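Subject: Structure for you to look at

Hello,

Here is the structure I promised to pass on. Please open it and keep it beside you while you read my notes below.

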Amino acid sequence: MASERAGRIEVFQGTLDLIVLRALSTMGPLHAYGLAARLERVADDPFPLNQGTLYPALVRLEQKGWIRGTWGRTDTNREAKYYAITKAGLRALESETGRWRRLSGLVERLLADRG
Amino acid sequence: MAGQVKRLLARLRNALRPELAEADLTREVASHLGLLEDAYRARGLSPAEARLAALRQFGPVERVKSLQRDERSLPWVDDARQDVRELVRAGLRRPWATVSAATLIALAVAGTTTLGSVVYGVLFRPLAWPDGDSLIRIEETRGGQRGRIPWTISNATYLAWMAKAETGRSARRLARAGAGDPTGRRTRCSTRGCRGDHAVADAGAPCHAGAGTPVRG
């Protein structure tokens with residue numbers, strides 16, 4: 001249990017938004033479970049994500065108009081809310097990606113700097 | 001920017017009418033748990049085991065719902081709405097207790113406001129005249145004896161002084177300069193400005209300056 005917690009990745013609010021936007025832009029409409037499953041598949045290491053933590057990000061993005069949720073049915077005939085990225089979401093994805101690259105580049109350079 | 005405005009409006013809407021969003025969230029969480037259970041059952045777990053595994057994988061349901069509520073709504077509006085609702089319910093359950101409490105609060109507020117007004121009016125509010133802090137209070141004495149009514153002067157003294165002093169500033173100057181009672185009575189001029197001064201009245205009678213008493217309106 002302790003080792004699982006130690007391996008848990010803290011995903012920051014803005015980062016999670018970017019991850020969700022990117023997943024929806026590449027995979028098309030997904031429900032929350034599908035999104036979480038996608039993240040777990042993409043991660044190299046097991047990605048110990050509490051799937052419920054996606055919900056604040058989903059409602060935030062939906063309220064901004066960057067994604068839109070509609071109810072539908074899964075292959076197993078369960079009802080689920082599918083989220084799709086909007087045009088505004090695509091524009092936001094582009095700007096957020098640029099911001100993330102600048103930030104991660106800065107952190108990378110700082111970590112590589114040996115003095 | 002447009003996204004932020006849109007979001008604020010949506011949060012306000014959810015804060016005022018949370019029922020729709022709450023029902024949607026409950027439905028979505030149930031669907032998510034169902035899909036997780038399906039996945040675990042497909043891996044060979046029993047329904048009970050699959051349910052437990054799904055809950056573990058999802059995380060604490062109530063905590064997730066609470067986080068989502070905070071994100072979709074304006075928590076302070078939500079809290080205020082709930083407080084008002086509780087208040088109304090409590091009021092309807094015990095109306096006399098509510099009326100007593102409301103009366104007590106009203107009296108306390110009225111008392112505090114009155115006290116504040118008095119303190120402000122007496123201590124802090126500037127006087128209605130220009131250079132209000134230059135106003136003085138004067139008193140007439142005869143042979144060192146104060147009059148029957150303290151801090152008063154006779155009409156004659158008043159008229160004599162006002163002929164030379166039309167304002168408080170002038171009166172202070174008057175006291176410093178020694179202009180006094182034309183009738184020759186000893187006159188005590190009281191003001192901070194002339195404390196320690198020894199003035200002589202026009203008619204030759206000494207005019208002593210005493211401890212000043214600032215006048216407040």
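A:Y55 is buried, and so is B:F58. This is a predicted model, so treat every value here as computed from it. These two residues form an aromatic pair, with ring centres 5.8 Å apart. The planes of their rings stand at 50°. Edge-to-face would need over 60 degrees and stacked under 30, so this pair counts as tilted. A search of the whole structure, over all chains, finds one aromatic pair.

Where do A:Y55 and B:F58 sit? A:Y55 belongs to helix α4 of chain A. B:F58 belongs to helix α3 of chain B. The pair therefore joins two chains.

**The cavity**

A:Y55 turns up again in the lining of the largest cavity. The structure holds one cavity of 30 Å³ or more. The volume of the largest cavity is about 40 Å³. From chain A, its lining takes A:H31, A:A32, A:Y33, A:Y55, A:A80 and A:K81. From chain B come B:E28, B:S31, B:H32 and B:L35.

Which elements give two or more residues to this lining? In chain A they are α3 (32-42) and β3 (79-85). In chain B it is α2 (18-42). The most comes from α2(B), which gives four residues. Sorted by class, the lining has five nonpolar, three polar and two charged residues.

**The nonpolar core**

Next, look at the largest nonpolar core. There are 37 residues in it. Those that touch the most other members are A:L21, A:L24, A:L35, A:L54 and A:L58. Several elements each supply at least two residues. In chain A these are α2 (13-27), α3, α4 (54-64), β3 and α5 (87-112). In chain B they are α2 and α3. Here too α2(B) gives the most, with seven residues. In soluble globular proteins, nonpolar side chains tend to be buried together.

Take A:L35 and trace its contacts. Leave out residues up to four places away in sequence. A:L35 then touches A:V20, A:A23, A:L24, A:L30, A:L54 and A:L58.

Start with B:A21, in helix α2 of chain B. Is B:A21 buried or exposed? Its relative accessible area is 15%. Buried means under 20%, so B:A21 is buried. Setting aside neighbours within four places in sequence, B:A21 is in contact with B:N14 and B:R72. Now compare sequence with space. B:A21 and B:R69 are 48 residues apart in sequence. Their C-alpha atoms are 8.6 Å apart.

B:E37 also lies in helix α2 of chain B. Its relative accessible area is 12%. That is under the 20% limit, so B:E37 is buried as well. Which residues does B:E37 contact, beyond its neighbours within four places in sequence? They are B:P47, B:A50, B:R51 and B:A54.

Finish with B:L52, in helix α3 (residues 47-58) of chain B. Its relative accessibility is 53%. Exposed means over 50%, so B:L52 counts as exposed. B:L52 and B:L33 are 19 residues apart along the chain. Their C-alpha atoms are separated by 9.9 Å.

Best wishes

Key. Residues numbered from 1 in each chain as written. Chains lettered and ligands numbered in written order. Predicted model: local features only at pLDDT ≥ 70, side-chain atom pairs only at ≥ 80, totals over all residues. Heavy atoms only, no water. 1 Å grid on protein atoms, 1.4 Å probe; cavity = no way out; pocket = protein on both sides within 12 Å on 5 of 7 lines; lining within 4 Å. Points joined across faces, edges and corners; volume = space filled by probe spheres on them. Nonpolar A, V, L, I, M, F, W, Y, C, P; charged D, E, K, R; others polar. Buried < 20%, exposed > 50% of the residue type's maximum accessible area, 1.4 Å probe, protein only. Contact = heavy atoms within 4.5 Å. Core = buried A, V, L, I, M, F, W, Y, C linked by side-chain atoms within 4.5 Å. Phe/Tyr/Trp six-rings, centres within 6.5 Å; stacked < 30°, edge-to-face > 60°.
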